[in-house]
Every structure is written in structure tokens, then in C-alpha cells.
Amino acid sequence: MQSDRIDDFGIAEGELHCEACAVAYSIRGGIPRFVASESYSSSFGEQWIRAGSLRSDSQTGTTYMRDTVLGRTEWPENHLDGKLVLECGCGAGDDTDVLQSLGNSTLISLDLSASVKVAYENTKSNPNVHIIQADLSRIPLREKSVDVVYCHRVLQHTPDPETSFFSMTKHLKDRGGEMFLHCYDSHLSSVLHWKYALRPITKRIDSQRLFRILETLGPALYRLAGAFSRLPLKIGHVSLGRVFAQLFIPFYNHDDLSDRYPLSPEFLYQLSLVNTFDALSPQHDHPKSPSQLRRWFVRDGFDRIELRGRNPVRMVATR
Ligand SMILES: C[S@@+](CC[C@H](N)C(=O)[O-])C[C@H]1O[C@@H](n2cnc3c(N)ncnc32)[C@H](O)[C@@H]1O
């Protein structure tokens, strides 16, 4: 380890040396860099640097992110106590912020994109959180060393989800290793969505340009999606206006969150804008079915595999 500059949070600039493999990795902005570039993930770098800490609970003053993480994992509040946790694809670190509060754990959170800068700023005051820029298909940790792998909204965005899956699970301990996996669903009701019709074009548009386009068209589309979603036309529990918006109006509208949280109209619009960009810009979006994911867990020796929900798929599995 070489330190060229130290600040209040540790080595800000320097190098990590791997003697066994005779390779040096730079530390820049307090973050060890195990990749030379963002590769295919640069749209996420753009997205999370723009969003900053928009969604974090400390920013909104609500429990929206905490409830999302606990609702999807169904973990008790101290579930991570005493554990070494590997978060794959941490984005801006909004989940990291919640994970660090679920007991006294050590957290290693990685992302391939420049979003690590935002995640680092959001978590640097906690010495038990380590943000690194790395590719989850080449994780710079010992195999079978981690208690929990947490992977939320990431797997489908990798070029080959199957390879990515096994690349993550090989770092889990053989006995008691646990994985939370969230992945977009390949069910017909998920893939009949405007994003899959538009993505062949929009993923080719330069990220900054796509953001500008969405910022221009956003306010009108947002109001339209909201108006359709509020139409009182239902078959059973299914809102026909919502189904129409999901099929044909290419912009999210998260106004319904204000029924549960005191979120400002400006926040709800910005969240919808970021999520629309998140739907249209990634280079990869390969949804999977629960049965496909279950087969991978079985092949990898997991014996307790629980489906927490579908559309998107949420699973927790233990060895
Ligand atoms: C939709 S974001 C989700 C971020 C965060 N988990 C959340 O739910 O807010 C997907 C993230 O996965 C990251 N990602 C995609 N491929 C990756 C890879 N091979 N290695 C590490 N991170 C990756 C992207 O850079 C992006 O930040």
C-alpha cells in the first residue's frame, strides 16, 4: 500500500499493490480502482452523479429507501450484525446507507461506474463501509470469504447474467452464505413495457443528450402518465389507466408514493425522471424468470431458496 495523500477518511490518493500478482491498483478520491474504465456502465455513472443523494432517506427525511430494502429482503432490522457483506452494483450508495444500519457489519460495496464517487461521499464517515470501483465479474476478494451478497437491480444490466451470478456466489462462504438477489422479471406483464420497445434506439443515444431529451419532454409526459394512472377504471384490482400508461406513455410517474410518504412534488418528478433514464439508457437489460434463477441457485449448492416476490423477482437463498 502506498499513500500519496491522506485525509480525514483514510488514503485519498495512492496505490494498492498485489504482491502475488505483481499488479498495482490506484486509489483516487479515496476509492480503490480495480478497473481501468467504466466500460458499458457509463450511463449509470452519468445517472447517479446527476441524482446525487436524491433518494437517500437523510435527504428526503422519510423511510422510503429503508422500507424498500427491508420490504424486498424481508430481513429483520439487525440481520447483518457481525457479518461481512458484499454489495454488488451499489450505484449512488442509497441502499448502502440502509445496509450499514442493519447491525454492526463490514460492508464492501462495489460498482463498475463512476457512481462510486457519489456512494463514497454518501458513506465515507462510516469506517466499516468500503466503496471500490470494480467489475462484479472480477471481484477482487478471496473466494468463499463473504457472509452475505446483496445484489439489487443489477444482474439484468450485465452482459451475461449467468456468468455474473456465479462470479458473485463464488465469494460466499460454503456454510451459511446468504444471497439477496433482485432481477427484472421476464414475465409477459413485465416485458410488455414501453422501455423494451424504445431501448433499441435510446440505449444508442449519448447519455447527456438522452437526459436533455427527457428533461424537455418529461414534464408533459409525466403529467399524462399521472392522469392515466389516476383514471378510476378498474378490472378487479387492476387499474386500466395504469396498464395503458405502462404500455404507451414512455415516462414514469411515482406520484402514488405520496400516499405513503411526505415527499415533495419536485422529488416525485425528479425520481420519475431518473427512473425513466434508468429504464432507457443502460446498454444491457436481460430480464430473468424465477425458475431460471432458482436453477442457478440449485446448481451452485444453495439449499434454502426463497422467492420473496415477482415482477421484479426477489429471492433470498442460503447455503
Ligand atoms: C439500476 S443500478 C442499481 C444501483 C443500486 N443497486 C440501486 O438499487 O439503487 C445498476 C448498477 O449496477 C452497476 N453495474 C452494472 N454492471 C456492473 C458490473 N459488471 N460490475 C459492477 N457494477 C455493475 C451499474 O453501474 C449501476 O450502478
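1. Two strands pair if DSSP finds at least two bridges between them. Helices (H or I, at least four residues) and strands (E, at least two) are DSSP runs, numbered from the N terminus. This is a predicted model: local features need pLDDT of at least 70, side-chain atom pairs count only at pLDDT 80 or more, and totals for chains, interfaces and linings use all residues. Residue numbers start from 1 along each chain as its sequence is written.

2. Start with E5 and E6. Strand E5 (residues 84-88) pairs with E6 in the parallel sense, over five bridges. Cys88 has Leu110 in E6 as its bridge partner. Between these strands the chain passes through H4, and this β-α-β crossover is right-handed. Right-handed means that, with the strands pointing away from the viewer, the path from the first strand over the helix to the second runs clockwise.

3. E6 also pairs with strand E7 (residues 129-133), again in the parallel sense and over five bridges. Ser109 stands opposite Ile131 in E7. With helix H5 (residues 116-123), E6 and E7 make a right-handed β-α-β unit.

4. Is E6 buried or exposed? Five of its six residues are buried. Buried means 20 or more other C-beta atoms within 10 Å of a residue's own; exposed means 12 or fewer, and partly exposed lies in between, with C-beta atoms placed from the backbone.

5. Now the ligand. Of the 22 residues around it, Phe44, Gly89, Gly91, Leu112 and Ser113 come nearest. Helix H4 (94-99) and strand E6 (106-111) each supply at least two residues of this shell. The shell has seven nonpolar, nine polar and six charged residues. Here Ala, Val, Leu, Ile, Met, Phe, Trp, Tyr, Cys and Pro count as nonpolar, Asp, Glu, Lys and Arg as charged, and the others, Gly among them, as polar.

6. The protein is divided into domain 1 (1-33), domain 2 (34-186 + 287-318) and domain 3 (189-280). These bounds come from an automatic or database domain assignment. The contact between domain 2 and domain 3 takes 16 residues from domain 2 and 15 residues from domain 3. Contact means C-beta atoms, placed from the backbone, within 7 Å. Helix H1 (residues 42-51) gives the most to the domain 2 side, with six residues.

7. One more sheet deserves a look. Four strands form an open antiparallel sheet in the order E1-E2-E3-E4. Strand E1 (2-7) and strand E4 (31-32) stand at the edges, each with a single partner strand, so one side of each is left without a neighbour in the sheet. Two bridges join strand E3 (residues 23-28) to E4. Arg28 has Ile31 in E4 as its bridge partner.

Key
Near = placed C-beta within 6 Å. Contact = placed C-beta atoms within 7 Å.
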